[in-house]
Amino acid sequence: MEGYKIKFEPLGLTGHCRADESLLACAQSAGIGIISLCGGKGNCQSCKVQLVEGTFSKPTAQELKAYSRQEIKEGWRLACQTCPTSDGKVGIPSTSLTTTQRVQTEGQEIAVPPEPVVLPYQLKLKTPSLTDAQADADRVLKAINHQHKLRCDNIDIGALSQLAPQLRSWKWQCRASVREKELVAFGPWPSRQLGLAVDLGTSKISGYLVDLDSGQTLAVNGMSNPQISYGEDIISRIAYATQSAAKAAQLQRLVVKALNKLASELCTEVKAKVGDIVDSVLVGNTAMHHLLVGLPVKQLAVSPFVPTVSRALDIKASRLGLKFAPGAYLHLLPNIAAFVGADHTAVLLATLNGLPKETTVAIDIGTNTEVSLIDQDGITTTSCASGPAFEGWHIKDGMRAATGAIERLRIVNNKIQYQTIDDAPAIGICGSGILDTVAQLYLAGALGEGGKMDEKNRRVRRGEKHLEFVLVGNKEKKDVPRAIVITQQDVREIQLAKAAIRTGIQALLEANGYGEEKIKRVIIAGAFGTYIDVANAMAIGMLPTLPPERFQQVGNAAGTGARLALISRAKRAAAQKIVSGIKYIELAGVPGFSKTFMQASYLGKYRLKQGKREKIG
Ligand code: FES
């Protein structure tokens, strides 16, 4: 085929680009979803890409308007304006990818040498006879210690219960999976050992099926946390669980059932069985952790918010009702303090390589948002109740990131441009779209800095209860079943959510005696945080105003950290070391907390200092 071969990273997909065809068109015909709010006219700047290798057409006037000279020099271009003139390589930042495409890049692999806690050994056994009728277990233990110079002294009782028929059907040759001095599973020889890493979030559960011997991730999947029907945030979940032991057990059962379903789906995808999972690692906030393990949670919700346990735990998965290999363990990474659980430990494990020279802030945005400030002196951490508004909850037309959700929105020359997931007719707005909407309405003057909607705006109407801004009218777009609006109340919800996050960042800065300018790197983790438009997040004051290049959106780093701990014994030890050096700050106990929170609810760019707000620009 004539034309040029363009490799799109990090997806690793290659497109064939005809001469004079734009990168956007090339990516689209290769099945890659790049956001293109203006449909390729060059005026929305949503199709940002970075040229890595090869030669390309000269920057157009629109690109020179979109980027500084330095940025052009660094390869930043608009995909709809750039045509290749040779084979090449192009990077697509996560913020330019449509939601459907993003799942392929979420929680990227970090190469670490596989050093799993469970190791496979080939066992060749003598067939029993009348002169050698020792018990199967003795035969296995003797053989493994002799053949591999080990000191195993135990076989898990569940694994043992299946051993007799297995050994006979495998003709006395098998794979023994050994953890420390215990044999936890058996399989035919040769056969692979699988591991499962789980990020158990308040709203979502993500699972990663890993080949323990190569360290490679074989399948990834996610699902909603079914406990959500019993409380959408941690506090209401705890309140439900503390009503009775039966209710706590019910929450535990729900999540165990979900984990079994997730594991089964992942295994089916790679033609394996859940019984092939010989090790697992789970991370989650302290409440999710305690509810899963069956620990009391009442004290977690009352000052001084003390967890029952912080250190790492190793529990037989079968004890919790998880249907992995009978002897498999579930390793729970250490919690930090109060609500800051092992999920944040995992984020730090995935994103830090020792203490950084430059002051770094790591934020994991979720229903509960964890924030850490890290520098050479150590790690200070806090947690803020940002609530589920960014998941689309409590937002009139809010929805999860699914087909038809508005995921990006811009207002250009008073015209609303938006992109929906899968380019389907708009049916609601997901988190990234909600954040864009509030920022763009503020920048367009339809919202004041206090969040008040401008009643005189021609798109503002009076709804059933509140004023509402019509984003998509059903008369404007025939394929849109009903109008999609953002209400005054929705704006208030977003103000509260973003104020919680900004207050958390501010509390850490003040605890260390730093101003915002001291922050040299901001790591934003979590499914929502990864795809937010950072410029819009700064425009509403959710994040401090800093040069854009200081922000790094890293995907589901909690999931990545869980995977690292699954494949590497050294990473499990590193997680314990990280936690032992953390200083935790309880936000509610910070002097001037309410003042800072109130100021942080304002829209716009500003600096905060001791509960005061100083506007920027
Ligand atoms: S699609 Fe490229 S700038 Fe709008």
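Helix H12 (residues 488–511) packs against helix H17 (residues 593–600) at an angle of about 130°, and their axes are 8 Å apart. The structure is a predicted model.

**The H12–H17 pair**

- Angles of 65 to 115 degrees count as roughly perpendicular and those over 145 as roughly antiparallel; H12 and H17 are therefore oblique to each other.
- The crossing in which H12 passes H17 is right-handed.
- On the H12 side, the contact is made by Ala499, Arg502, Thr503 and Gln506, while H17 contributes Phe593, Thr596, Phe597 and Ala600.
- Sorted by class, the contact of H12 with H17 comprises 4 nonpolar, 3 polar and 1 charged residues.

**Helix H5 and its surroundings**

- Helix H5 spans residues 136–148 and has 13 residues.
- From the first C-alpha to the last, H5 reaches 18 Å, close to the 18 Å expected at 1.5 Å a residue.
- Arg139, Val140, Leu141 and Ile144 are buried in H5.
- The cover over the buried residues of H5 includes four strands: E6 (118–124), E7 (154–155), E8 (173–179) and E9 (182–188).
- Just after H5, Lys149 adopts a positive phi of about 55°.

**Cis peptide bonds**

- Trp189 and Pro190 are joined by a cis peptide bond with omega of about -5°.
- Pro190 is located in the loop between E9 and strand E10 (194–200); E9 is also among the strands that cover the buried residues of H5.
- A cis peptide bond also runs from Ser303 to Pro304, where omega is near 10°.
- Pro304 belongs to the loop between helix H9 (286–293) and strand E14 (313–316).

**Positive phi in residues other than glycine**

- Trp172 has a positive phi, near 65°, although the residue is not glycine.
- The position of Trp172 is in the loop between helix H6 (157–169) and E8.
- A residue is buried if 20 or more other C-beta atoms lie within 10 Å of its own, and exposed if 12 or fewer do; Trp172, with 17 other C-beta atoms within 10 Å, is therefore partly exposed.
- Phe305, likewise a residue other than glycine, has a positive phi near 55°.
- Phe305 counts as partly exposed because 18 C-beta neighbours lie inside 10 Å.

Technical notes
Residues numbered from 1 in each chain as written. Predicted model: local features only at pLDDT ≥ 70, side-chain atom pairs only at ≥ 80, totals over all residues. Helix = DSSP H or I, 4+ residues; strand = E, 2+ residues; numbered from the N terminus. Expected span 1.5 Å × (residues − 1). Contact = placed C-beta atoms within 7 Å. Axes fitted to C-alpha atoms, helices over the stretch in contact; angles between N-to-C directions. Parallel < 35°, antiparallel > 145°, perpendicular 65-115°, else oblique. Left-handed = near helix turned anticlockwise from the far one by under 90°. Nonpolar A, V, L, I, M, F, W, Y, C, P; charged D, E, K, R; others polar.
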